[in-house]
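Please look over the sequence and the model first.

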Amino acid sequence: MRLRILASLRSQILTFTSVLVVMSLGAVLLVVLLSSGQAIRNNIDEDMAESVQSFREAINNRRLQLVGNATVLVSDFGFKQAVASRDSATIHSMLANHGQRVGADLSLILDLNGWIVSTTEARLMPGMTFGYQNMISDVKEGNDRSDFLVVGEYIYHIVMVPVRTPRISAIAVFGVRMTPQNVRKLITDQGMQITFINGMPDQVERWVNVSTLPDLESILQAIRAPENFKTLLRMPFEKKQRFSSRKIDIGDKGGTVQVILSDDLSRFYATYESITNQVMALAVLIFLVTVMGSFAISHRLTRPLLALAVKSREIARGAFPEVNNIPSTSSDVSLLIRAFKRMRNDIAEREERITYQAHHDSLTGLLNRDAMITAVQDETEFNKPFILMGINLIGFKTINDTLGMEIGDECLVTVAERLKKLAYKGITSRHSADEFSVLIELTPDCKTDEDRRFLCQRTLNNLSAPMQLNEVSLSVDYRAGFVSFPEQADKPELLLRRGKVALEHAITTQDALYAYKEGQDKVHLKKIKILKHLKETLQNDDDQLQMYYQPKKNLRTGEVEKAEALIRWFHPTEGFIPPDMFIELAEQTGLIGLVTAWVISRVLDDQKRLKDAGFDLQLSINLSAQDLSNDNLRQLLDQKLSENQLNAEDICLEVTERDMMTDVDKSLELLDYYRERGFQLSIDDYGVGYSALSKLALMPVHELKIDKCFILKLATQNDDQIIVRSTISMAHELGLSVIAEGVEDKASQAFLQRLGCDFIQGYYLAKPMSLEAFQHWLTHFDDPNHGG
Amino acid sequence: MQVVSPEGLPLVDAVVVVPGAVASTGPVQTRVMDQIHRAFVPHVLTLNAGDLVAFPNSDNIRHHVYSFSEPKPFEIRLYADTPKAPVEFPKSGVVVLGCNIHDDMLGYLFIAKPTDLALQTDDEGQVEVPLIPTSLEVWHERHSVSASELMVLTESEITAQVVSQTEQLVKIQVVMPLAVNNEPAPTAVQPNRNLPAFGNPMRR
C-alpha cells in the first residue's frame with residue numbers, strides 16, 4: 001500500500017512534467033505552425049502577385065511580338081496581292097510560306113464574315129466558319145485582336161489582324177500552339193504552374209488543356225485549389241493542400257480558355273516540415289531530458305521515503321531499528337527523517353511504558369497475572385524446583401477503612417517492595433487489592449514438606465515485620481497457600497490456580513500457611529461446578545431443591561411443637577449434595593440470598609399447608625449473617641406471611657452463634673428488628689463460636705440451640721455433660737429456652753430431660769423428612785409404637 | 001439633291017450617276033490624284049472611262065500607289081515626285097487606291113461611262129442634277145464592303161424621295177444604306193489593359 005502510494009508519487013511527478021513538456025512543446029509547435037502558415041500565405045501572395053505580373057508581361061510581350069509579326073506579314077505587298085487575287089491555291093501557298101516566317105503553327109485567312117478563305121490547318125476547310133465573331137467584328141473595324149483560343153484539339157495563342165487591299169477585305173489569323181514547353185517559358189518562377197484549360201467543369205473528359213503540370217489529376221487539384229493557402233493545421237485524414245491557384249484574365253475575351261496560375265505548395269511544406277522536424281526533435285530531446293530528470297528527482301525523493309517505509313514496517317512489527325544510513329536527499333526529507341527518528345524514539349518509549357503497564361500493576365509495579373504466567377512459564381523451562389506462594393493480606397480492608405486509602409496504598413507498596421526482595425528473581429505479582437503471589441527458590445537441601453513450609457514461613461515472617469507508614473506503625477497479618485513445582489503442578493496456569501486454591505483454603509480455614517494438597521484442585525473445581533448447578537436450579541425451580549422438616553419435641557409436654565426446616569438438594573447426576581457444601585459456597589459467593597429466599601417461600605407455603613392440615617407447629621428457618629441484613633428477605637418474609645395468613649410467631653429464625661458474634665453491634669440491631677416484628681429467634685450451633693458470654697447476654701433471642709457436637713456422645717462423655725448442664729443453666733438464667741440437637745439415643749434424651757432442657761431434636765426423635773412424610777409422621781406420633 | 005446616311009448625316013464624296021445623260025463624249029482628259037500629307041487628294045476622283053490619271057507625290061516621302069480593283073489593277077512602285085506616265089483607266093467602275101507603305105492612305109477613282117453624268121456631293125452631301133432623271137445610280141465608299149457597288153434608283157423611287165418641289169427646283173434626298181462604318185485610322189497595337197485578377201470561377 002505504502003509502496004504503491006510512493007510509486008504513484010513518482011508517476012505523478014513523471015506525468016506532470018511529461019504533460020507540461022508535451023503541452024508547452026505542443027503550444028510552440030502550434031505557434032510555429034500558425035506563424036509558418038501565415039508566412040507561407042504571405043509568401044504565396046507575393047509569389048503569386050509577382051508571377052501574375054511577370055506572366056502578364058510575358059503574355060503581352062508575346063502578343064506584341066505576334067501582332068507585330070502578323071502586321072508586318074499582312075503589310076507585305078505580295079501578301080496583299082495574293083489575298084486580292086482570290087486565288088485559293090495562291091493564298092494557301094502564301095499562307096504556308098508567310099506563316100512560317102512568323103513562326104505560326106496555324107495560319108488562316110478569313111473573309112469579313114468570318115468564313116475561312118484559306119488555312120494551313122488540315123482539319124479546317126475553306127468555307128467553314130471560324131467562329132469568334134466578336135473578335136472578327138473588332139478586327140473588321142481595323143483592330144488587332146489576340147487571345148487563347150481552341151482550334152481543333154489544341155489551344156493556340158491566336159492573333160487576328162485585318163488585311164488591307166487597301167481597304168480591309170480579309171482577316172489574317174495566326175496562332176502559336178501552346179505546349180507545356182512554351183508555356184513554361186512564360187514564367188520565370190519554376191515553382192509556379194500554368195494551366196490553360198477549356199471546357200465545362202463537369203465535363204473533364206472533354207477538356208482541352210495545356211499545362212506545365214504532369215497529369216490531369218494534378219490539374220484538377222490545381223484548378224480547384226483556393227486562391228491562397230488555408231492553414232498548416234489539418235486533421236491527419238485531411239489531404240495536404242497541394243496548390244494555391246489564381247485565375248488570370250488575360251486575352252481579348254474572345255474565347256473560353258481559362259488561364260490558371262498555380263503555386264505548388266510542396267516547396268513551402270518542405271520548409272515547414274524541416275521546422276516541424278526540428279521542433280519535434282527538440283521536443284523529443286526535451287521530453288527525454290525531462291523524463292530522466294524527473295525520474296532522477298523522484299527517485300531521490302522516494303528512495304529515503306521507501307527506506308522510511310521499510311523502517312516503519314519494522315517499527316510496526318515491534319522492532320526498533322536505528323534510523324541512520326537513510327540518504328538525506330533534501331532538506332525536507334532530512335526534516336522528515338529527523339521527525340521519523342523522534343517518532344521512532346517516542347513510540348519505542350511509549351511501547352516500553354505500555355508494555356510495562358500491561359505487565360505490571362500500576363500501584364506497586366509488581367507483575368500482573370498475565371505477566372506472572374509468562375514469568376512462571378519462563379521459569380518452568382529451567383526445570384528447577386520452586387514454590388509458588390499465594391498471599392492474602394488479612395484485614396487490609398480495615399486498614400483502608402480506618403487509616404485511609406493513602407496508607408492502604410503505601411502499605412501495599414511496602415509489601416510489594418518487600419516481596420520483590422524476597423522473591424526468586426523478583427518474580428512476584430499482585431492479583432487483586434490484597435492478593436499477591438511470589439516465587440520462592442527451592443534450595444537443593446529442601447526435601448521435605450516441612451522444609452518447604454519453613455521456607456514459606458520465613459518469607460511470611462520477613463513480610464510481616466511491622467512497617468512505618470506516615471508515623472503509623474502497622475503490622476499486617478497474612479494468609480498464604482503454596483504449591484510446589486514440579487511435583488504439584490508443572491504448568492504456570494495450573495501453578496497459579498493451585499496456589500490460589502491453597503490460599504483460599506488457608507483463608508477459609510484461618511490457617512496462616514497452607515500447603516496445597518493433591519486433589520484439592522478437584523474439590524475446588526467441583527465447588528465451582530456445584531455453584532453453577534445451584535444457580536441453574538434456583539433459576540429453574542425444578543424440584544431439585546426440597547425442604548425437609550425435622551421435628552423438635554418439648555421435653556416437658558412430650559409434644560412436637562416445633563420443627564426445623566432443612567434444605568435438601570437432590571441433583572440428577574451428582575446425587576445428594578450436602579447442604580454444608582453448597583450453603584457455604586452460596587455464602588462465599590453471595591448466592592445465599594437467593595437460596596434463603598427460596599427457602600422462605602417454600603417453608604411459609606408449607607406452614608400454611610400444615611396449618612390447613614391441622615398441625616400447629618413453629619417452623620424454624622436458618623439464616624446467615626448476610627441474610628439478616630438483606631432487605632429483600634425482610635420484604636419477602638412479610639409478603640409470604642400475609643400471603644399465607646401466618647403470624648410471625650409461627651416462624652423461628654435460627655442464626656448461628658458465629659454469624660451473630662462476628663459483628664455484634666450490627667447483629668443486635670438486626671435481631672432487634674426481627675424480634676420487634678414478632679419472629680422467634682434462636683442461636684444455632686451454640687458452643688462452637690467462641691463467643692463472649694457478655695455479648696451473648698445482649699442478644700435479643702428466645703432460644704439457644706446447643707451444638708450437636710456436645711450432644712451426640714452426651715450419654716458417655718462427662719465433659720459434654722458438664723458443658724451442657726451449665727449451658728442449660730446459664731440459658732435459663734438468661735431467660736432463654738434451650739434446645740439440643742443431635743439427640744440420638746434414649747440416654748441422651750433422658751439426661752437432657754433431667755437437666756431441664758426444653759426441646760430436643762435428633763435422629764432419636766426423627767430424621768428430617770419431606771413434608772408429606774412429616775405430615776404422616778405427625779399423624780402417627782401419638783402412636784406409642786412409633787419412633788419415640 | 002442630297003445624299004444622306006441612314007442617320008440623316010450628309011454623305012460627302014458620294015457620286016450620283018445619271019445614266020445616259022451625256023449625248024456626246026468629250027476629249028480624253030488627264031486627271032490628277034495628288035498625295036499630300038499621306039493622303040490621296042482628292043479623296044474621291046470622278047472621271048470618265050478612258051481618262052488618264054496622274055499620281056504626283058507632293059510629299060517628301062515615297063509612296064507605293066497600287067490598286068487591286070477589277071477595272072484596272074496597277075501599281076506604281078516607290079516613287080517620288082511625278083511618275084513617268086499617267087495611268088489610263090479605260091473601263092468604268094470603282095478603283096480603290098492604296099499605298100503599300102501607308103495603310104491608312106485610301107483613295108477612290110470613280111470611272112464613269114462616257115455617256116453617264118457623274119456628279120460628286122459636296123461637304124453638305126449635296127449635288128445639283130440638271131434634270132429630273134428617270135433613273136439614278138448612287139455610289140459611296142461606305143455603301144458596300146467591296147466599295148464597288150452602286151445603289152440604283154428607279155423613277156418611282158426617285159419620285160418617292162422628293163422632298164419639295166418648285167418650278168425651278170426639285171429637292172430630292174437620297175438615303176443611302178452603309179455597309180462599312182467610318183473606318184478609323186489604323187493605330188499602333190495598344191497594350192492589353194491589365195484587368196484586375198479575379199477568382200477562379202470553377203472554384204466552388
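Two residues are taken to be in contact if their C-beta atoms, placed from the backbone, lie within 7 Å. The model discussed here is a predicted one. In chain A, helix α6 (residues 216-224) lies across the strands β6, β7, β8 and β9, and α6 runs at about 95° to β6(A).

The sheet under discussion is open and has 4 strands of chain A, in the order β7-β6-β9-β8, with antiparallel pairing. Strands of a sheet pair through backbone hydrogen bonds, either parallel or antiparallel. Which strands stand at the edges of the sheet? They are β7 (208-211) and β8 (243-248) of chain A; each has a single partner strand, so one side of each is left without a neighbour in the sheet. From one strand to the next, the twist averages 20°. Inside this order, β6 (residues 192-198) and β9 (residues 258-264) of chain A pair in the antiparallel sense over 6 bridges.

The next part concerns helix α13 of chain A and two of its contacts. The axes of α13 (residues 492-508) and α14 (residues 520-540) of chain A come within 10 Å and cross at roughly 80°. Angles of 65 to 115 degrees count as roughly perpendicular, and α13(A) is therefore roughly perpendicular to α14(A). On the side of α13(A), the contact is made by Arg497(A), Arg498(A), Val501(A), Ala502(A) and His505(A), and on the side of α14(A) by Gln520(A), Asp521(A) and His524(A). By type, the residues of this contact of α13(A) with α14(A) are 2 nonpolar, 3 polar and 3 charged.

The other contact is with helix α9 (residues 369-380) of chain A, whose axis comes within 8 Å of that of α13(A), with a crossing of roughly 115°. The crossing in which α9(A) passes α13(A) is right-handed. Met372(A), Ile373(A), Val376(A), Gln377(A) and Thr380(A) of α9(A) make this contact together with Pro492(A), Glu493(A), Leu495(A) and Leu496(A) of α13(A). How do the residues of the contact of α9(A) with α13(A) divide into nonpolar, polar and charged, and how many are there of each? There are 6 nonpolar, 2 polar and 1 charged.

Some backbone details in the loops remain. A cis peptide bond joins Thr165(A) and Pro166(A), with omega about -15°. Pro166(A) sits in the loop between β4 (154-164) and β5 (168-177) of chain A. In chain B, the peptide bond from Val41(B) to Pro42(B) is cis, and its omega is near 0°. The loop that holds Pro42(B) is the one between β5 (40-41) and β6 (44-48) of chain B.

In chain A, Gln645(A) has phi near 50°, a positive value in a residue other than glycine. Gln645(A) is placed in the loop between α18 (631-643) and β21 (651-656) of chain A. Is Gln645(A) buried or exposed? A residue counts as exposed if 12 or fewer other C-beta atoms lie within 10 Å of its own; Gln645(A) has 8 and is therefore exposed. Asp13(B), in the loop between β1 (2-4) and β2 (15-18) of chain B, has phi near 60°, also positive in a residue other than glycine. The cut-off for a buried residue is 20 or more such atoms; Asp13(B) has 21 within 10 Å and is therefore buried.

Terms used
Residues are numbered from 1 along each chain as its sequence is written. Chains are lettered from A and ligands numbered from 1 in the order in which they are written. This is a predicted model: local features need pLDDT of at least 70, side-chain atom pairs count only at pLDDT 80 or more; totals for chains, interfaces and linings use all residues. Axes are lines fitted to C-alpha atoms, for helices over the stretch in contact, and angles run from 0 to 180 degrees between N-to-C directions. Angles under 35 degrees count as roughly parallel, over 145 as roughly antiparallel, 65 to 115 as roughly perpendicular and the rest as oblique. Ala, Val, Leu, Ile, Met, Phe, Trp, Tyr, Cys and Pro count as nonpolar, Asp, Glu, Lys and Arg as charged, and the others, Gly among them, as polar. A crossing is left-handed if the near helix is turned anticlockwise from the far one by less than a right angle, and right-handed if clockwise. Two strands pair if DSSP finds at least two bridges between them.
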